[in-house]
Number of protein chains: 2
Amino acid sequence: MSISSTPTLQPMLRKLSYWGALGEADKAAALALPFKQKLIEAQKYTVRDGDQATHSCVLLSGFAYRHKVVGDGSRQILSINMKGDIVDLQNSLLGTADHNVQALTQCEVAFIPRDEIRQIAFERPNIGMAMWYDTLVDGSIFREWIANVGRRDAHTRMAHLLCEFALRLKVAGLGERDNYVLPMTQEQLADATGLTPVHVNRTLRALDEEGLISRDKREVRIADWKKLAAAGDFQSGYLHLHEDQTVTSEG
Amino acid sequence: MSISSTPTLQPMLRKLSYWGALGEADKAAALALPFKQKLIEAQKYTVRDGDQATHSCVLLSGFAYRHKVVGDGSRQILSINMKGDIVDLQNSLLGTADHNVQALTQCEVAFIPRDEIRQIAFERPNIGMAMWYDTLVDGSIFREWIANVGRRDAHTRMAHLLCEFALRLKVAGLGERDNYVLPMTQEQLADATGLTPVHVNRTLRALDEEGLISRDKREVRIADWKKLAAAGDFQSGYLHLHEDQTVTSEG
DNA sequence: CGACACGTTGATTAGGATCAAGAGTAGTGG
DNA sequence: CCACTACTCTTGATCCTAATCAACGTGTCG
C-alpha cells in the first residue's frame, strides 16, 4: 500500500506543532504512530455516514472534503481538508461517522488506529492538547460556515470562501495568499456555499468583473486582498491562526 | 456570588457522565473544581466575540445561545445551550472567543478557570475524554446546522430544529419529547434558521395547519413524531445520543 | 393606561433556483 | 489521429421561495 519511499506522518506533525509546542519526545512519539498508507483516487470515499470508525485519516497529500446528503438528495459540503489535516478525528473518536469523507483529488492518506490516537493524546498532554485544539479550530470553522450560509448573500459568501481558502492554503504551504489553485468544480463550490452551480458561476463572474479576482481555469488570483476581504465580510480570527498570518484587512 | 444554598457542578457532571463512564474519584474531582457562580439576566452577554477567555461557563439552569453578527448587522445563532452544558469550552481553550454567548433566559452560570479545566482534563483521562467528546458532539451539531441552513427549505428546516430541541430537552431532563416549552422568540428562531421572523411565523403556522405540531404561546406539542421527523429530514445520529434515546423514526 | 415587545397577516419585491442549451476541454477507443 | 463522449463552464429566460415593507393585534408590565 505504501507509495512514497519514506512514508511519514510529518505533515500531521507540522499541523499539530502549529497549534502547540511539542517536545522532541512528543515529536518522536507522533512519528512512531503505526499507520497504513493508501492512495485514494479522486471521488472515492474514505468514510461513509453511519460507518463505525476505527481509524483516523491523515491527509499526506491531495484534498478531501466532508459532506452530508439531505433528504431531497442535495449535498452540503462541510469542510475542505488539505495536507496535514487529521480528517475525521471527530468521526473516529465519536465512534459512528455522522458525515461522509470523500477525496476531492487523488490523495495519499495515512490511516491511524483510533486507540493509538486516544492513547498518545493522554500519555502526551502536549500532543493531546494540540489534537483537541485542532478539533476545536475545526469547530470554529464550522461555526463560521453556519453564519456564512445562514446570513450572507451569495456575493459575500463566495468572497468569504475564497478568502478562507487563500489563508488556509498559504498556512498549509500549498499556495500563495493572492494566487492559488482551487481544486474544486463550480458544482462543489455550490455545495459548499449552499448555492446552485449556475449561481456560483455568475457570482464568480461578478467578482471577476468587479476586479476583485481574476481567473484562469481553476486558478484564482486575488487582485486586491483588502477589497475581497471587505466584500466577503472576512475576518480571519475564526481560523485561529498565528498573528503573523492573520493578514485580514492589512496588505 | 453564590446564589443557591448548595451551589454544585452536578449538572455538568451529569452531562460528562453521559458521554463516558467516570469513576468515583473522577466525579469527586469534577465536583471539587473551583468556580464562581453568577446569576445572569436574560439577554446579558457572558462572552463577547474577540474576548480573551479565561473561564469556561457551565450552565446550571436556564438557556443560553451562541451567535455571530455578520457584516450587514444580521445575526446567526449557532447553538442553543441548556442546563449542564459547558458553554464555551471552545472559546476558553482556544483563548480568543470567535463568537458571542448570550443568556436566552435568566441563567445560573458557574465560571471555571480555564487552567483548571485543562489540568483536570489531562490528570483524569476519563474526564478529559468526556470533555473532548462533548466538544466533538458540539461540532457534530454544527455540521448538521450547516446542512440545515445550507440545503433544506424553510419548512424542513423548522421541523428539523423542533425535532432537535425535542430530543435535547428530553435528554437534559427539561421536557418531554412530544411536549415542551421553547424558550425562544420567533425572531430568535429566525436567527437560528437563517430565515426572517415573518417567514418563521408562516412556517410554524403551516406545520400547525398540517397537523404536525400544535402551539400554545411557546409551548410546542408534537402531534406525530414520525411525521415531523420525516418532514424535518431528521435523523438523530448526529446528536450521538445513547441508543434508547435515538427515537428518530420509531414511536 | 400607555409603552413596548412579540406575534400575526397581507401585499409586493427580489435574490437565487430552475430550466434549457451551447461552448470549451479532456479522456477514450477505434 | 480523430471522432465520440462526458464533464465542466457559461449564458439566457423564466419561475418561485423567502425577503421586505407595512400594519394591526395581543399580552405584559410599570
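Two strands are taken to pair if DSSP finds at least two bridges between them. Helices (H or I, at least four residues) and strands (E, at least two) are DSSP runs, numbered from the N terminus. The model is predicted, so local features need pLDDT of at least 70 and side-chain atom pairs count only at pLDDT 80 or more, while totals for chains, interfaces and linings use all residues. Residues are numbered from 1 along each chain as its sequence is written, chains are lettered from A and ligands numbered from 1 in the order in which they are written, and side-chain values use heavy atoms, with hydrogens and water left out.

In chain A, β1(A) and strand β8 (residues 107–113) pair in the antiparallel sense over 5 bridges. A:Lys36 stands opposite A:Phe111 in β8(A). Helix α4 (residues 114–123) of chain A packs on the sheet and touches β3 (55–61) and β8 of chain A. Contact here means heavy atoms within 4.5 Å. The direction of α4 makes about 70 degrees with that of β8(A). Axes are lines fitted to C-alpha atoms, for helices over the stretch in contact, and angles run from 0 to 180 degrees between N-to-C directions.

The sheet of chain A is open and has 4 strands, in the order β1-β8-β3-β6, with antiparallel pairing. At its edges stand β1 (36–40) and β6 (86–87) of chain A. Each has a single partner strand, so one side of each is left without a neighbour in the sheet. Strands of a sheet pair through backbone hydrogen bonds, either parallel or antiparallel.

Chain A also holds a hairpin. Strand β10 (residues 213–216) of chain A is joined by 4 bridges to strand β11 (residues 219–222) of chain A, and the two run antiparallel. A:Asp216 stands opposite A:Glu219 in β11(A). There are 2 residues between β10(A) and β11(A), and A:Lys217 in the turn has a positive phi of about 55 degrees.

The sheet of chain B is described next. It is an open sheet of 4 strands in the order β1-β8-β3-β6, and its pairing is antiparallel. β1 (36–40) and β6 (86–87) of chain B stand at the edges, each with a single partner strand, so one side of each lacks a neighbour in the sheet. Within this sheet, 6 bridges join strand β3 (residues 55–61) of chain B to strand β8 (residues 107–113) of chain B, and these strands run antiparallel. The bridge partner of B:Cys57 is B:Phe111 in β8(B). Helix α1 (residues 10–19) of chain B packs on the sheet, touching β3, β6 and β8 of chain B. Its direction makes about 100 degrees with that of β3(B). Helix α4 (residues 114–123) of chain B lies across β3 and β8 of chain B, at about 70 degrees to β8(B).

B:Ile213 stands opposite B:Ile222 in β11(B). With 2 residues between the strands, B:Lys217 takes a positive phi near 55 degrees.

Helix packing was examined next in chain B. The axes of helix α7 (residues 186–193) and helix α8 (residues 197–209) of chain B come within 8 Å and cross at roughly 100 degrees. That makes α7(B) roughly perpendicular to α8(B). Angles under 35 degrees count as roughly parallel, over 145 as roughly antiparallel, 65 to 115 as roughly perpendicular and the rest as oblique. The contact involves B:Gln186, B:Glu187, B:Leu189, B:Ala190 and B:Thr193 of α7(B), with B:Pro197, B:Val200, B:Asn201 and B:Leu204 of α8(B). Its residues divide into 5 nonpolar, 3 polar and 1 charged. Ala, Val, Leu, Ile, Met, Phe, Trp, Tyr, Cys and Pro count as nonpolar, Asp, Glu, Lys and Arg as charged, and the others, Gly among them, as polar.

Between the chains, the axes of helix α5 (residues 125–151) of chain A and helix α5 (residues 125–151) of chain B come within 9 Å and cross at roughly 20 degrees. α5(A) is therefore roughly parallel to α5(B). By class, their contact has 14 nonpolar, 6 polar and 2 charged residues.

Chain A can be laid on chain B with an RMSD of 0.0 Å by a turn of 180 degrees and a shift of 0.0 Å along the axis. That is the relation of a two-fold axis. Copies are superposed by least squares on the C-alpha atoms of residues with pLDDT of at least 70 in both.
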